[in-house]
Amino acid sequence: MSQPTTRLTVAQALVRFLSAQYTERDGVRHRLIAGTWGIFGHGNVAGIGQALLEYGDVMPYHQGRNEQSMVHAAVGHARQLDRLSAQAVTTSIGPGATNLVTGAALATINRLPVLLLPGDYFASHAPDPLLQQLEHPTEFAVSVNDTLRPVSRYFDRITRPEALIPSALNAMRVLADPAETGAVTLALPQDVQAEAYDWPEEFFAERVWRVRRPAPDPVELADAVRAVKAAQRPLIVAGGGVHHSRAEGALRALVEATGIPVASTQAGKGSLRHDHPADLGGIGHTGTAVADDLARTADLVIGVGTRYTDFTTASGTLFQNPDVRFLNVNITGFDAHKQAASTVVADARTALEALAEALAGHRVAAAYEAEYRAGKERWEAVVEAAYRADDEDAVPTQTQVLGALDAVVGDDDVVINAAGSLPGDLHKLWRARSPRQYHLEYGYSCMGYEIPAGIGVQQAAPDVAVWSLVGDGTYLMMPTEIVTAVQEGLPVNLVLIQNHGYASIGGLSETVGGERFGTAYRYRSADGTFSGAPLPVDLAANAASLGMEVLRAKTVRELREALSAARASDRPTCVYVETDPAPTAPPAEAWWDVPVAETASREAAVHAREDYDRQLAGRRRHL
């Protein structure tokens, strides 16, 4: 008996297939590919473009302005929905495809799913060389899309129609697997996209990819319980895996039963509400004093869903107790084994629930609880001082901007940031009130992420107020998706902070002997230096020209009023504020390794190297 078939082009078959894919976890089903972003050119306009038009009733289409931005929007959407739903991004060949690389790297580094569908050259090579074609002299099959291989968790080039079936299934498997997910690329030669084929009807049947919650191995769990019971000063480091697993409730139950305190990475902040007695705030180079002080003396560090980046470990200098050991709970063995740890390779929520049950009746010493609670109280006074504005008519500092925002946001609002000086201030100071409120992309720390990510989050959570916090440097990198927010009617709030330069790198440059070279937006003098008045650039006018409602705030009082008005608005709104550049954030509580010139003639670099050598002496490899 012959198998029923339907004759469609490759592009049409792919779009129809994607529309029938679902994830399911804990009995809740989500559309796996919720929509497709696209900018069309030769390479996808007659293939995927035509297919999206044909199947617009089952596959929503979103128009972007920049290919990288479209990936950022898709990543923001996936993170807001805990990786259970993703979006696709289609581009033309050539620069449209290579513009995907940065976004793909961001997605894969942060373990967030996105499906990339770049156009490719003719599989037949009949009309070669094409416009925008890279002609490799020794490998004719190589195209610019091969730049996506190292930043993709799965990559394939579909050179024949029937090859789409196994490749598409593998692509969905990787996207839906929390241990493997990241950017997935299916490169689509433009002639193959338009080629017809008789597809088995089974290919288009509704398919559910169940997102498993693997339980801990009994031996690993028993070892973990012994380690916790033997520890006098245990500390939990909560990473992004807590959120991805929706394990916040399980973490809270474990903490309340045992008294073990929690410090958080950038991705893990909000795992406990900020006012929970055991929440110590951020850890590492941008961490709080109380979290970093406890980290230095901890004898057991329990990492939950964290990758242990250099910011978390203070470049290997933070965990200084001679007897410190690590216990890592992670869904991937790759991350679980870091820091020479004992491992619990399992879903975070399942593992934390099992630990809580096995540790019933165990609690840390009362003196330890009193110690970290007192430290938390002292740090809260630091936050209050940084947020406080004694003069409501003064130009606000950056930390006062955060204080004003803190007074306006609701518990479920989402605050988005990725790069510049804001991530450090936010990690130290922000009071996260709900699990999804603190949305920091700090795996890749990509300038330009904030505005498109705000669009993706708003699509995923249309009833939530979204705040994209952007410095002038980031804004100048990628403001164009403002037009998309206006077009889609998404009321994203943009807080645009103008400090006339790359403030974060300027501060870093000063500490490493670079003397803030090349970090200010100033006129170039005859001697080649940058000095004088700031450039006459009006970013607020630019945002208005792209369709945003713009509210200018010159004082703390005006800032509070503008933020309140923005939150009440039903259209994309920009609050523009020039800040007092005087640093008001508390200094770093731990080191970060940025190598300094070993030899130099300038005094600043010589002194910076001396300090670098002192700090480097404190590095420790945990074996």
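**Exercise 1.** What does the accessible surface of the protein come to, and what share of it belongs to carbon and sulfur atoms?

Solution. The structure is a predicted model. Its accessible surface comes to about 24,500 Å². Carbon and sulfur atoms hold 53% of that area. On the residue level, 57% of the 623 residues count as buried.

**Exercise 2.** Determine how the radius of gyration of the protein stands against the value for a compact globule.

Solution. Start from the chain length, which is 623 residues. The globule rule takes 2.2 Å times the number of residues to the power 0.38. For this length the rule gives a radius near 25 Å. The protein has 25 Å, so the two values agree. As a further description of extent, the C-alpha atoms fill a box of roughly 75 × 70 × 55 Å along the principal axes. Within it, the protein has 24 helices and 25 strands. Among contacts with a separation of 6 or more, 76% join residues 24 or more positions apart.

**Exercise 3.** Classify the ring pair of Trp 199 and Phe 203, and state whether each residue is buried or exposed.

Solution. The search of the whole structure finds eleven aromatic pairs. For Trp 199 and Phe 203 the centres are 5.8 Å apart and the planes make 20 degrees. Pairing requires centres within 6.5 Å, and planes under 30 degrees apart count as stacked; this pair is therefore stacked.

Next, apply the burial cut-off of under 20% relative accessible area. Trp 199 has 0% and is therefore buried. Phe 203 has 4%, so Phe 203 is buried too.

Key
Residues are numbered from 1 along each chain as its sequence is written. This is a predicted model: local features need pLDDT of at least 70, side-chain atom pairs count only at pLDDT 80 or more; totals for chains, interfaces and linings use all residues. Side-chain values use heavy atoms; hydrogens and water are left out. Helices (H or I, at least four residues) and strands (E, at least two) are DSSP runs, numbered from the N terminus. Buried means under 20% relative accessible area, exposed over 50%, partly exposed in between (1.4 Å probe, protein chains only). Contact means heavy atoms within 4.5 Å. Accessible areas come from the Shrake-Rupley method with a 1.4 Å probe; for residues, only the protein chains shown count as cover. Rings of Phe, Tyr and Trp (its six-membered ring) pair if their centres lie within 6.5 Å; planes under 30 degrees apart count as stacked, over 60 as edge-to-face and the rest as tilted.
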